[in-house]
Structures are given as structure tokens and as C-alpha cells.
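User: I am new to this structure and would like to understand how its parts are arranged. Please take my questions one at a time.

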Amino acid sequence: MKKKGIESVAIVKCSSYNQKEVDKAIDKILDFLDFKFKKGMKVLIKPNVVGCFPKKQIATTTHPALIEAVCKILKKKNCKIFIGDSPFTEPESSFKASGIDKIARKYGKLLIFEQEKQIKIRDRKGVLEDIEIAKIIKDVDLVIDMPKLKTHVLTKLTGAIKNLYGCVPGGRKQRIHLRAPGEKKFSKVLIDIYQNIRPGLNIMDAVIGMEGEGPTSGDAKKVGLILASRNTIALDIAAAKIIGFKPENIFPIKEAIKRKLYPDYKFKVVGMLKLPLIKFKAPPETKRHGAQGMLNRMFRERPIICNTHLCIKCGRCAAHCPGRAITLKPFPTIDRTKCIRCFCCIEICPQDAMSLQKK
């Protein structure tokens, strides 16, 4: 399936989250990749469970139907199944809202990474000297990365690479944002994490994705696809091209190729004759190239504002702001001298009240 280091990306159509349809799609996609699970192996499934967003759960979180389809196959092989993540807030509620907790209880064990034993991964060439992750991630035989196809206000794309950031437990994620502010530095940290985990299989939920101000405040987008690859980077390159983004403008992908973790921006499509193209609305902060990029450099970047008509004054944004730039008066007010523009406040708001000011 490989040619000169170029990886295959399998793409199949899946029009809904009907379990039978999803089961068939997952079977097909694994056949196209010629991927077979070994009997009795310990497997960790890492979905994207960003938080509890009942109104947009279908567009923000990896759908449980895909996870169950994979679990069914693993169960036939007598595999020991773990399903784990570290949602931004309220992990128990987040897993329950997504429906993934039921799948975990049915087929294996649910893991909330901050409640598990931690280890430090050290990378002298990395941005940070060490990063803490749950020990179970290193103990299993196979990590299956199961991201959701979404845009992201900081990294442009929430794909397979970005999904691994959830392996960092709890509040440590906010501290990393503080130590590695900005798109470029943060993207380098994402590749540090990827280098030390390296999932053996990556399956992306692109049945319904999210466009615009993702990963939580954007708009649901019907795509009708499931993507998969043995290689995390190849999958993100394919996903970026499908939604009309240039992979070379997405810093995590660019950094991975710079480190020679993948040869170039090419990949082989299997399962379809050609790559489908579905136009996505880009996050406003990602328009930094060409004429728009010149304007953004000439003028100040858009401030983050609070829509007081939507805000319920829950205080989540202030509690999880890495730079402690937010105070409630009584609505969130941002001190722009302290703001590191990690956009955690936008990502965590359950009401979509926080956003970038429109020009």
C-alpha cells in the first residue's frame, strides 16, 4: 500500500450515524488499508471528547457509532479495550453527553487521563523539556487515534495530530499554552507529543464536521465521509485538502514534514477514485496568507469579545484561561496585555458567547 514512503489514506462514504451503515464503512476502510488487529492485544482508543456541548455534540465530538464499530471488531479478536481522553472540563459529564461512556462500559474500560497514573515523556529536541501523559498510553500495544474533522481558531485544523493533545491530562494543557503561546510554538508542541505516541491507526469521523470558529463554536457541516490511515500526518494532509485548506499553511503538518516525520505533502487515496472536495469556512484567525495576511500584519488582530446576550456568567473561561487574562465584571472582560491568544475561552464556552470580533 506504500510507495516511496507515501502512505495510503482510505476514504469511504457514510451518510449517517446509523450503526449498521457505520459498521459497514469501518469494515470497508480497514479492508482498503489491509489493516488487521492481532488477537489479545491491549488497545487504547483516543476519541475527540472536547467537552460537554449538548447543542453541538454531534459536530464537536467523535460519534460513539464509529467507536462502537471499532470495538466490535476488537472484541472478536479478544482485545482488551480502553477508551480514554481528557476533556477540557467536566470529564464525566462530557463522556456521558457524548454517549461514549456507554460504549466504554459495554466493551472495555473508560479512562479519564488525569485520573490515571502519569509519566513524563522527555524530548531534548522538543519545545518543552518534558510533557506529562497518562502511563496507559505507553503500556498498550496499539493506540487508535479517532479525531473529528473540524476547523480550529488556533491551528486551523483539528485533526489527528491535534487530537493527541487530549493525551495531556487536565490543567496541564493550559500550562502548555502559557509556555508555548502562539500557533507556531504550540504546533511544535503538538508534534513533540505526536513523536512520543505515534498511533498505529487513525480513523477520522467526517460524517458531520465543523467549520468556521471550531473546534466548538463553529457550524455543523455535513461531509458524509470516514477517513483512515496508518499514518497520522498523511490523514491530516488528506483532511486539509478535502476541506479546501493548503496543508503547507497548517503549522502542525508543516512542522512534522520539517522534522522529516513524513516525506512531503503527497499521499495515496484508496477507496475512492479521487479525493473529494468539500468547501469549509475557515476560522477568521487563519486567513494570514496573501492579501488577507498582509492586512492582518498591518492592523491589530481581532480582539476576543463576549456576547452578553448569550453569556450565562458561568466563569469557565476565566477559570481555564492560561494567562489569567479574564475577569468577570460580571461578564467576561479580557486584558489584552495578558491574553496569549490560545483561544481556550472560545473553545470552552458552552454558549458560544466568546468569539473573535467581526470587522
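User: Is helix H9 largely enclosed by the rest of the structure or largely open, and how many of its residues are buried?

Analyst: The model is a predicted one. Helix H9 covers residues 183-197 and has 15 residues. Among the buried residues of H9 are Phe186, Val189, Leu190 and Ile193. H9 is largely enclosed by the rest of the structure, because the buried residues number 11 of the 15.

User: What does H9 reach from its first C-alpha to its last?

Analyst: At 1.5 Å a residue, a span of 21 Å is expected for H9. The helix comes close to that expectation, with a reach of 21 Å.

User: Which residue forms a salt bridge with Glu183?

Analyst: Glu183 belongs to helix H9, and its partner lies in strand S9 (residues 156-158), 27 residues apart. Both members of the pair are buried. The closest N and O atoms are 2.2 Å apart, and the partner is Lys156.

User: Is Thr151 buried or exposed?

Analyst: Thr151 is found in strand S8, which spans residues 148-152. Beyond its neighbours within four places in sequence, Thr151 is in contact with residues including Lys156, Met210, Phe245 and Pro283. Because its relative accessibility is 0%, under the 20% limit, Thr151 counts as buried.

User: Which parts of the chain does the salt bridge between Glu211 and Lys221 tie together?

Analyst: The side chains of Glu211 and Lys221 meet at 3.9 Å, N to O. Glu211 is buried, with a relative accessible area of 9%.

User: Is Glu90 buried or partly exposed, given its relative accessible area?

Analyst: Glu90 and Arg316 meet in a salt bridge of 2.9 Å, N to O. This pair links distant parts of the chain, 226 residues apart, with Arg316 in helix H13. Arg316 counts as buried at 17% relative accessibility, whereas Glu90, at 36%, is partly exposed.

Notes
Residues numbered from 1 in each chain as written. Predicted model: local features only at pLDDT ≥ 70, side-chain atom pairs only at ≥ 80, totals over all residues. Heavy atoms only, no water. Helix = DSSP H or I, 4+ residues; strand = E, 2+ residues; numbered from the N terminus. Buried < 20%, exposed > 50% of the residue type's maximum accessible area, 1.4 Å probe, protein only. Contact = heavy atoms within 4.5 Å. Expected span 1.5 Å × (residues − 1). Salt bridge = Lys/Arg side-chain N within 4 Å of Asp/Glu carboxyl O.
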